[in-house]
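Thank you all for coming; I would like to walk you through one structure this morning, going from the whole chain down to a few single residues. Please have a look at it first, and then we will go through it together.

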Amino acid sequence: MTTEHICIMIAIIVYLSAMLYVGYRCSKNNHDTADFYLGGRKLGPLVTAMSAEASDMSSWLLMGLPGLAYLTGIADAGWTAIGLAIGTYVNWKIVAKRIRRYTHVAGNSITLPSFFSNRYRDSRRILQSIGAVFIVIFFIPYTASGFAACGKLFSSLFGVNYVAAMLISAVVIVGYTTLGGFLAASTTDFIQSIIMSIALVIVFIFGINVAGGVPAVIDNAQSLPGYLTMTTTYDPVSGTEQPYPLINIVSMIAWGLGYFGMPHILLRFMAIEDENKLALSRRVATTWVVISLAVAVLIGVIGLAMSDAGALAVLSGSDSETIIVQISDLLSKYGILPALLAGTILAGILASTMSTADSQLLAASSAVSSDLLGSILAKASSRKNSMFADRITLILISVIAAFLASDPDSSVFNIVSFAWAGFGAVFGPVVLFALFWRRSNWQGALAGMISGGAMVFIWKYLVRPLGGAWDIYELLPAFLVSSALIVIVSLITEAPPQEIIEEFDKV
């Protein structure tokens with residue numbers, strides 16, 4: 001192992017050790033299931049803001065988005081970033097405060113599925129159970145994709161066995177999450193967002209210098225037809241400009257709809273200590289997201305200029321997603337201090353993956369132990385035993401996710417894209433109508449959940465392959481179908497009782 005690799009390894013080990021220490025410290029604040037899964041609703045505004053966004057972005061921010069810009073220009077990556085930025089702001093603006101208040105009033109709900117049942121007085125807990133099943137369906141493979149990304153990073157860097165690298169990463173993530181629960185996940189996510197920001201800044205500055213400065217980067221991008229416009233794309237195979245139709249723009253912006261149904265993000269809104277501080281959280285979160293997304297897109301442009309200048313190898317296909325890894329490897333060759341900075345960059349990639357995986361793991365665990373088995377565990381266990389059951393559930397889910405991640409050829413991006421559509425369509429419309437329409441009822445919410453989930457599968461595998469006008473990201477049609485059925489079924493069934501109306505008006 002070279003000196004550069006040793007320095008990188010030191011930086012990563014320090015980072016992983018710090019995450020485990022945070023989990024240990026946070027474990028002292030967990031006294032019951034509510035603490036384990038919602039942190040006792042004690043999050044401060046900065047931790048709320050940054051942990052929500054860190055758990056949202058995952059390795060897609062540092063790998064997927066720059067890779068997309070590197071290959072085809074700024075159109076695809078730019079419109080996706082715009083959709084995500086708009087979705088982030090609107091979610092914080094209209095959903096955050098109301099869901100924090102409503103989940104507290106409606107039976108002090110600690111999970112999203114339990115809120116649906118409490119909101120609509122679903123005594124049979126049908127909404128809670130169905131919601132939990134969908135969380136498990138979409139989150140276990142989503143968590144597996146995080147484990148896989150960590151394994152691929154270590155395997156490509158150090159030439160170690162993929163499965164061994166993936167399992168070590170999984171053990172660390174499971175370790176601090178099992179110890180500290182939601183508070184540990186949120187605190188580590190806050191730290192990880194800072195590391196991600198540092199990584200973006202280092203790569204941005206170093207890349208521009210190696211590429212020959214800002215003018216050289218701009219000149220290189222302008223020399224490629226369609227690369228620097230939002231209405232065309234660059235085809236790296238033919239070297240020609242390709243049109244970017246309106247349907248593609250709509251599909252990319254539709255990514256923003258997913259925010260309304262993301263359990264791991266909505267839980268941060270539910271957990272803040274003071275709802276009046278959500279305005280500060282919104283400003284911090286939106287500012288960080290806009291800057292980070294813009295820098296990530298620019299890094300793809302800078303990386304291509306570095307390749308064309310001969311500083312980096314030319315990347316094609318999915319290899320373009322390793323552009324930041326390649327830049328880090330180049331930086332590490334400049335000496336010990338640069339190697340440590342390169343280690344920080346790679347720790348940032350690891351942080352972006354872990355910050356999402358821990359939140360998904362916790363959400364999937366809560367769906368099983370609290371939403372599906374909650375009544376059984378409550379009757380059979382003391383508070384201490386219930387906490388033990390929560391941790392055992394989390395570990396079992398981790399084992400399943402690790403098993404799914406054992407295939408090194410699994411596609412991380414496709415899983416993330418599909419799961420994002422699933423949550424956005426299953427929960428997004430139900431959340432919005434539960435918070436803003438007093439006439440909605442449990443039958444409508446159930447119809448919305450089931451139809452949204454079903455339409456994601458139908459559109460993805462039956463309709464979208466037809467191409468042409470049907471080639472739309474499955475989240476948009478599924479979201480619209482779910483919304484329509486919530487309205488139709490709520491109106492043709494019995495109106496909610498006065499008790500629910502009064503609680504809605506109170507909130």
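Before I come to the strands, a word on terms: helices (H or I, at least four residues) and strands (E, at least two) are DSSP runs, numbered from the N terminus, and two strands pair if DSSP finds at least two bridges between them. What you see is a predicted model, in which local features need pLDDT of at least 70 and side-chain atom pairs count only at pLDDT 80 or more, while totals for chains, interfaces and linings use all residues. Residues are numbered from 1 along each chain as its sequence is written, and side-chain values use heavy atoms, with hydrogens and water left out.

With that settled, Asp235 stands opposite Thr240 in β2. The pairing they belong to joins strand β1, residues 232-235, to strand β2, residues 240-243, in the antiparallel sense and over four bridges. Four residues lie between the strands of this hairpin, and Gly239 takes a positive phi near 70° there.

Of the 507 residues, 59% are buried, where buried means under 20% relative accessible area, exposed over 50%, and partly exposed in between, with a 1.4 Å probe and protein chains only. If we take contact to mean heavy atoms within 4.5 Å, then residues 24 or more positions apart account for 83% of the contacts with a separation of 6 or more.

Now to a pair of helices. Helix α4, residues 64-72, and helix α5, residues 74-105, have axes that come within 7 Å and cross at roughly 145°; axes here are lines fitted to C-alpha atoms, for helices over the stretch in contact, and angles run from 0 to 180 degrees between N-to-C directions. On the α4 side the contact is made by Leu65, Leu68, Ala69 and Thr72, and on the α5 side by Ile74, Asp76 and Ala77.

Asn108, in the loop between α5 and α6, has a positive phi of about 50° although it is not a glycine, and it counts as partly exposed because its relative accessibility is 38%. Arg121, in the loop between α6 and α7, likewise has a positive phi, near 55°, and at 32% relative accessibility Arg121 is also partly exposed.

Leaving aside residues up to four places away in sequence, Ser117 touches Asp122, Arg125, Ile126, Leu127 and Gln128.

I will finish with Arg464, in the loop between α18 and α19, which is partly exposed at 24% relative accessibility. Its side chain and that of Asp471 are joined by a polar contact of 2.9 Å, a polar contact being a pair of N or O atoms within 3.5 Å; within protein, one must be able to donate a hydrogen and the other to accept it, and residues adjacent in sequence count only if both atoms are side-chain atoms. A polar atom of the Arg464 side chain also lies 3.5 Å from the backbone oxygen of Ile472. Finally, the C-alpha atoms of Arg464 and Glu474, 10 residues apart along the chain, are separated by 7.6 Å.
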